[in-house]
Amino acid sequence: MEKLLIAIIWPTVIVVTILVILVKCISKRSKNIVVVAQNLESPTLNGLYKFTIVEIENAINNIGKINVRSTRKLIGNGSRGELYQGILPSGQAVAIKEMHKREDAMESFISEVECLSRARHPSIVCLLGFCNEDGKQFLVYENYSAGNLAQYFLREDTVLTWHARVKILRGCACAIKYLHHYIDGCIIHRHIKLSSILLSETLEPKLCGFGQAKMLGMEESQVFEDVVENGVYTDPEYKKSGLLTCSTDIYSFGLVMLQVLSGPRIAHFGQDDRNILLTKAKDVNTGKLPISEFEDPWLKGKQINHEALKSILQIALLCVAETSKERPTIEQVSEELNKAWSLSNIARPINIPPM
Ligand SMILES: *[C@@H]1O[C@H](CO)[C@@H](O)[C@H](O)[C@H]1NC(C)=O
Ligand SMILES: *[C@@H]1O[C@H](CO)[C@@H](O)[C@H](O)[C@H]1NC(C)=O
C-alpha cells in the first residue's frame, strides 16, 4: 500500500511542479504588461513623468500661443500615432505622439513605455513621460530638430556628408548592440527602418519607434502571434516562421545600411525598390558593376571613402542574407562600421585615382 502511494504521489508532485514552472515562464511576459499597466496609474514610472491631459493640451497648443486646435503643429503621422510639436512650461521643445485609436494601441503604448523607461542610450530616443487619460494615450519625447532619416534624404536643400552617414550608422549599431544585450536577455526592436531613425541638430542618430519591440528573457528566440507589419524591411525567415531572434533586426538594419550608402530619394520604399537595391548591391559586390554605381549621385566626387563604402556594402549584404544562420551579429557589424569610420577619417590624398 505504502509503496503504491509513493509510486503515485511522487510522479504527481514532479509533474505538477514542472507544470507550475512552465506556466510561470509563459505568463512572465503578460505579467510584465499587467505590471506596467498598473504602474501607469502611479505618478511616476521608472523616472518617467506622468502628464495630465491638460498639461499635454497646453504643451501642444503653446506652439501657436492661442488655444485653438488648428494651431497645432503636426510633424508626422505614422502607423501608430500623430506626432505634434510641443513646448513644456520649462521652455523645452518636445514631440508628442497621440496614439491612433486602434485595437493594438494600448499594447503598443505599453511596449514603448516599458522599453524606453529602461533602455537609456545616447543613440536611443529619450522618452520624458506619458499620459493615459480619458481613453487617450500620449507619449512625450525630446524633440529632434532634423526629423527622421527618411525625411532627411528627401530634402533638396541639403545632403548628408559621407562622414555623417558613417557616424549615423555607427550610432545606430551601437544602440542595437545595447538593446540586443540588454540585462537578462534582449530587446528586439522589430521595426528598424529609415524613418525609425531620428536626427538631432548635430545629426546624432536616435533610434525610435519602439511600439512593436519585444523583450526576450535568456531564451534565444520565441514565437509570437503578431508577426510585425514592417513590410519591406521584414526578415523573410521571421515572416515565414514567426520565430523571433535578434537576427530579425540585423536584416532590417542591413537594408538601412544599403539605403544610407546609396542615398534613396524615394518617398515610399516599396518591394520593388528593395529588390532593385539588393540586386545592385550584389552586382557591385561581385564586380559586375563598378562601385560608382552604388554611390549617391549627390555625393559623387565628394569625400566618399571607397574602401569604407566597400566594407559597409559587404557587411550589409551579409545582414540581408535569407537565413539568420548566414547573418553576422551586431558586434560584427559594429566592428566593421568602426573600421569604416577610421578609414573615413584618414585624410585622402588629393590625386587618388577614381575607382
Ligand atoms: C493620421 O493617419 C490616420 C490613419 O492612419 C488618420 O485616421 C488620421 O486622420 C491622420 N491624422 C491627421 C491629423 O492627418
Ligand atoms: C522639433 O522637431 C521638428 C522636426 O521633427 C522641427 O521641425 C522643429 O523645428 C523642432 N522644434 C524645435 C523647437 O526645435
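1. Helix α7 (residues 247-262) packs with helix α9 (residues 306-319) at an angle of about 150 degrees, their axes lying 8 Å apart. Axes here are lines fitted to C-alpha atoms, for helices over the stretch in contact, and angles run from 0 to 180 degrees between N-to-C directions. Helices (H or I, at least four residues) and strands (E, at least two) are DSSP runs, numbered from the N terminus. α7 and α9 are therefore roughly antiparallel to each other; angles under 35 degrees count as roughly parallel, over 145 as roughly antiparallel, 65 to 115 as roughly perpendicular and the rest as oblique.

2. The model is predicted: local features need pLDDT of at least 70 and side-chain atom pairs count only at pLDDT 80 or more, while totals for chains, interfaces and linings use all residues. Residues are numbered from 1 along each chain as its sequence is written, and chains are lettered from A and ligands numbered from 1 in the order in which they are written.

3. α7 and α9 cross in a left-handed sense (the near helix is turned anticlockwise from the far one by less than a right angle; clockwise would be right-handed). On the α7 side the contact involves Ile250, Tyr251, Phe253, Gly254, Met257, Leu258 and Leu261, and on the α9 side Leu309, Ile312, Leu313, Ala316 and Cys319. Contact requires C-beta atoms, placed from the backbone, within 7 Å. By class, this contact of α7 with α9 has 11 nonpolar residues, one polar and no charged. Ala, Val, Leu, Ile, Met, Phe, Trp, Tyr, Cys and Pro count as nonpolar, Asp, Glu, Lys and Arg as charged, and the others, Gly among them, as polar.

4. Helix α8 (residues 271-285) packs with α7 at about 80 degrees, with axes 11 Å apart. That makes α7 roughly perpendicular to α8. Leu255, Leu258, Gln259 and Ser262 of α7 meet Arg274, Leu277 and Ala281 of α8, a contact with four nonpolar, two polar and one charged residues. Leu258 of α7 also takes part in the contact with α9.

5. Between α8 and α9 the angle is about 125 degrees and the axes are 10 Å apart. The two helices are therefore oblique to each other, and their crossing is left-handed. Ala281, Lys282, Val284 and Asn285 in α8 meet Leu313, Gln314, Ala316 and Leu317 in α9. Five of these residues are nonpolar, two polar and one charged.

6. Strand β3 (residues 74-77) runs antiparallel to strand β4 (residues 81-87), joined by three bridges; strands pair if DSSP finds at least two bridges between them. The two form a hairpin with three residues between them. Seven bridges join β4 to strand β5 (residues 93-99), again antiparallel. This second hairpin has five residues between its strands, and Gly91 in the turn has a positive phi of about 95 degrees. Leu83 in β4 stands opposite Gly76 and has Lys97 in β5 as its bridge partner.

7. Ligand 1 is surrounded by Leu74, Asn77, Glu82 and His100, where a residue is near a molecule or strand if its C-beta atom, placed from the backbone, lies within 6 Å of it. This shell has one nonpolar, two polar and one charged residues.

8. Around ligand 2 are Ile75, Gln85, Ala93, Asn143, Ser145 and Gly147. Two of the residues in this shell are nonpolar, four are polar and none is charged.

Note on methods
Contact = placed C-beta atoms within 7 Å.
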